[in-house]
Amino acid sequence: KTSLIACGLRNAVPEEDAEFMTVRCHIDPFADIRRALGAEEGDARAPHELVEARAAGSSKTVVLVFDQLEELFIFQPERIRRALGHELAAIVERKLDAKILLCIREEYFARLTELESEIPNLFQNRYWLSRMNTHDARAAIVEPCTRSGVEVEEGFATALLGRLEDA
């Protein structure tokens with residue numbers, strides 16, 4: 001998920017259209033939102049206020065990417081999870097030029113229901129990234145190289161996939 005967002009989505013969206021900011025929740029999600037948004041030390045504004053200020057001061061869409069969101073459910077107590085849900089709802093309700101992308105492992109997906117009371121439309125727009133089959137994995141190796149003018153040796157993709165299966 002992480003590399004598809006970092007390499008795929010970010011590269012597919014023109015740089016002048018969106019500003020991607022990655023947030024992690026394993027230590028302090030609120031501090032990481034502040035860090036991602038470039039807030040100054042001691043800035044006491046709530047995360048939704050920081051997003052609002054960033055969106056107002058930019059011609060780009062602010063995209064907060066909550067990578068490995070399962071960390072929120074593994075490491076954070078319920079009060080932190082609810083507070084984060086409240087902040088995300090505040091961003092959505094203000095209809096800012098901002099998007100929130102939640103990346104979470106399949107086995108933690110059901111835990112998002114904890115945030116549903118704060119964000120009623122949470123499950124309205126979702127995409128399940130399933131495990132690649134061999135054909136798609138081979139294409140993911142060969143096609144970007146081909147488009148970039150990089151020659152791929154015969155058998156390279158098969159050998160690489162074989163090594164990944166053994167890992």
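**View 1. Tyr127 on the surface of the predicted model.** Tyr127 counts as exposed because its relative accessibility is 71%, where exposed denotes over 50% relative accessible area, buried under 20% and partly exposed in between (1.4 Å probe, protein chains only). This is a predicted model, in which local features need pLDDT of at least 70 and side-chain atom pairs count only at pLDDT 80 or more, while totals for chains, interfaces and linings use all residues. Residues are numbered from 1 along each chain as its sequence is written, and side-chain values use heavy atoms, with hydrogens and water left out. The loop between strand S3 (98–102) and helix H6 (134–147) holds Tyr127; helices (H or I, at least four residues) and strands (E, at least two) are DSSP runs numbered from the N terminus. Together with Leu4, Leu129 and Met132, Tyr127 forms a nonpolar surface patch with about 440 Å² of accessible area. Such patches comprise residues with over 30% relative accessible area and no salt bridge, like charges being joined within 9 Å and nonpolar side chains (Val, Leu, Ile, Met, Phe, Trp, Tyr) within 5 Å. A salt bridge places a side-chain nitrogen of Lys or Arg within 4 Å of a carboxyl oxygen of Asp or Glu. Areas follow the Shrake-Rupley method with a 1.4 Å probe; for residues, only the protein chains shown count as cover.

**View 2. The largest nonpolar core.** This core has 29 residues, and Leu37, Leu64, Phe66, Leu84 and Leu112 have the most contacts inside it. Two or more residues each come from strand S1 (18–23), helix H2 (29–36), helix H3 (47–56), strand S2 (61–66), helix H4 (70–75) and helix H5 (78–93). H5 gives the most, with 5 residues. A nonpolar core joins buried Ala, Val, Leu, Ile, Met, Phe, Trp, Tyr and Cys residues through side-chain atoms within 4.5 Å.

**View 3. Helix H5 and its cover.** H5 has 16 residues and reaches 22 Å from first to last C-alpha, close to the 22 Å expected at 1.5 Å a residue, the expected span being 1.5 Å times one less than the number of residues. Its buried residues include Ile80, Leu84, Leu88 and Ile91. Among the elements covering the buried residues of H5 are H2, H3, S2, H4 and S3.

**View 4. Ile141 in helix H6.** Ile141 lies in helix H6 and is buried because its relative accessible area is 16%. Beyond neighbours within four places in sequence, Ile141 is in contact (heavy atoms within 4.5 Å) with Phe156, Ala157, Leu160 and Leu161.
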